[in-house]
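Have the structure open as you read.

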Amino acid sequence: MTTDADVESVTDVLGEPYLAETIPLPPDDEGEVVATLVRRTTAGPSTKAVLHLHGFADYFFQTGYADWWTERGYDFYALDLRKHGRSLRPHQTPNYITDLRDYYPEIDEAWARVTERDGHTEVVISGHSTGALEIALWADDRRPAELAAAVMNSPWLDLQGSPLVRLVGTPIVKQLGAYQPMREIKRHVTGFYTRSLHLDHEGEWDFNLLWKPVQSFTIYAGWLRAVREGHARLHRGLTLPCPVLVLSSGRSTLPAEMGEDVHGTDIVLDVAQIRRWATALGPHVTYVAIEGARHDVVLSREEPRARVYDAISTWMTAWVDPPKRSLL
């Protein structure tokens with residue numbers, strides 16, 4: 001739906017019909033902080049909307065996903081969180097926070113714009129990877145009346161690695177994160193995932209490699225501690241008051257070179273952990289594994305991507321938007 005608030009927005013970097021508005025936030029110890037709300041509306045007025053959150057070292061550019069929702073009558077909103085994508089400023093440490101609740105102010109502001117300002121009464125939350133964890137925790141805490149459903153795309157629900165790694169590593173991360181939050185956590189990044197997506201390499205998608213770099217961004221102890229505290233909250237059990245759809249690839253691999261596994265499996269997260277913890281999101285969860293999908297399932301190759309949208313459509317029809325019965 002188009003509102004008077006459009007005058008506060010500008011054409012987004014994606015071009016028409018996407019609009020973007022900057023959300024000013026209180027400064028932190030690095031200075032100015034903003035978030036960015038991107039919007040694409042349907043052809044006519046709608047009281048239904050989607051609010052989407054991206055993952056780590058990521059931002060919103062998945063226009064096919066927005067197209068799919070708007071074609072079904074949902075206005076689409078995507079929030080670039082502080083220090084990510086459109087919201088990243090030169091003086092900031094990319095993607096860095098020390099508590100996932102630090103994101104609540106911009107999610108609150110975005111929600112108010114979607115509901116109170118723009119008049120949407122049924123809102124689907126959507127999240128990818130770390131963004132799915134963040135918006136799930138927010139929704140469990142806030143429980144807004146307009147929350148209609150949740151679609152979680154490869155949500156990050158636990159730390160990768162063996163049980164021993166998680167058992168031994170988590171206390172170390174918590175100690176480092178508390179006392180040396182800017183301590184770099186060393187890791188090996190192949191760059192295969194981003195290369196599998198970007199059209200300059202082996203993919204079909206065009207996105208800003210400064211905002212979603214091939215080698216990702218540095219991970220710091222304070223950030224990882226925040227994520228592990230979020231995982232702990234999830235593992236104790238959330239009770240999201242709406243139907244939840246969890247999507248993932250059919251399997252995970254750790255390829256040593258570019259090849260079919262890079263393009264047809266999750267090479268970022270462990271899908272076994274997604275399956276294990278999916279029901280911790282709430283009492284009404286549907287889990288669907290998509291064989292051949294990538295980590296971001298809506299950026300999969302054409303055939304598995306079509307099955308992703310079929311799965312969302314089937315689930316929406318069953319639990320969120322049932323067909324209207326004829327009175328005849």
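## Helix 2

Helix 2 (residues 104-117) has 14 residues, so at 1.5 Å a residue it should span 20 Å, and its end C-alpha atoms, 18 Å apart, agree with that. The expected span here is 1.5 Å times one less than the number of residues. Helices (H or I, at least four residues) and strands (E, at least two) are DSSP runs, numbered from the N terminus.

This is a predicted model, in which local features need pLDDT of at least 70, side-chain atom pairs count only at pLDDT 80 or more, and totals for chains, interfaces and linings use all residues. Residues are numbered from 1 along each chain as its sequence is written, and side-chain values use heavy atoms, with hydrogens and water left out.

Which residues of helix 2 are buried? They are Tyr 104, Glu 106, Ile 107, Ala 110, Trp 111, Arg 113, Val 114 and Thr 115. Buried means under 20% relative accessible area, exposed over 50%, and partly exposed in between (1.4 Å probe, protein chains only). Just after the helix, Gly 119 takes a positive phi of about 80 degrees.

His 128 sits in strand 6 (residues 122-128) and is buried, with a relative accessible area of 4%. Setting aside residues up to four places away in sequence, His 128 touches a list of residues that includes His 52, His 54, Asp 58, Asn 153, His 295 and Asp 296; contact means heavy atoms within 4.5 Å.

Strand 6 and strand 7 (147-153) are the elements that give two or more residues to its lining. On a 1 Å grid over the protein atoms alone, a cavity is a set of points where a 1.4 Å probe fits but cannot get out, while a pocket is an open set with protein on both sides within 12 Å along at least five of seven lines; lining residues have an atom within 4 Å of a point. Grid points are joined across faces, edges and corners, and a volume is the space filled by probe spheres set on the points.

The largest pocket has a volume of about 990 Å³. It is lined by 34 residues, and the closest to its centre are Gln 160, Arg 187, Val 189, Ile 267 and Val 268. Helix 5 (192-197) and helix 6 (221-236) each give two or more residues to that lining, with helix 5 giving the most, at 3 residues.

The second largest pocket holds about 190 Å³ of space. Its lining includes Asp 28, Asp 29, Glu 30, Arg 82 and Lys 83.

Asp 80, in strand 5 (residues 75-80), is buried, with a relative accessible area of 0%. What joins the side chains of Asp 80 and Arg 86? It's a polar contact of 2.8 Å, meaning a pair of N or O atoms within 3.5 Å; within protein, one must be able to donate a hydrogen and the other to accept it, and residues adjacent in sequence count only if both atoms are side-chain atoms.

Pro 17, in the loop between strand 1 (10-11) and strand 2 (19-28), is partly exposed, with a relative accessible area of 38%. Leaving aside neighbours within four places in sequence, Pro 17 is in contact with Arg 39 and Arg 40.
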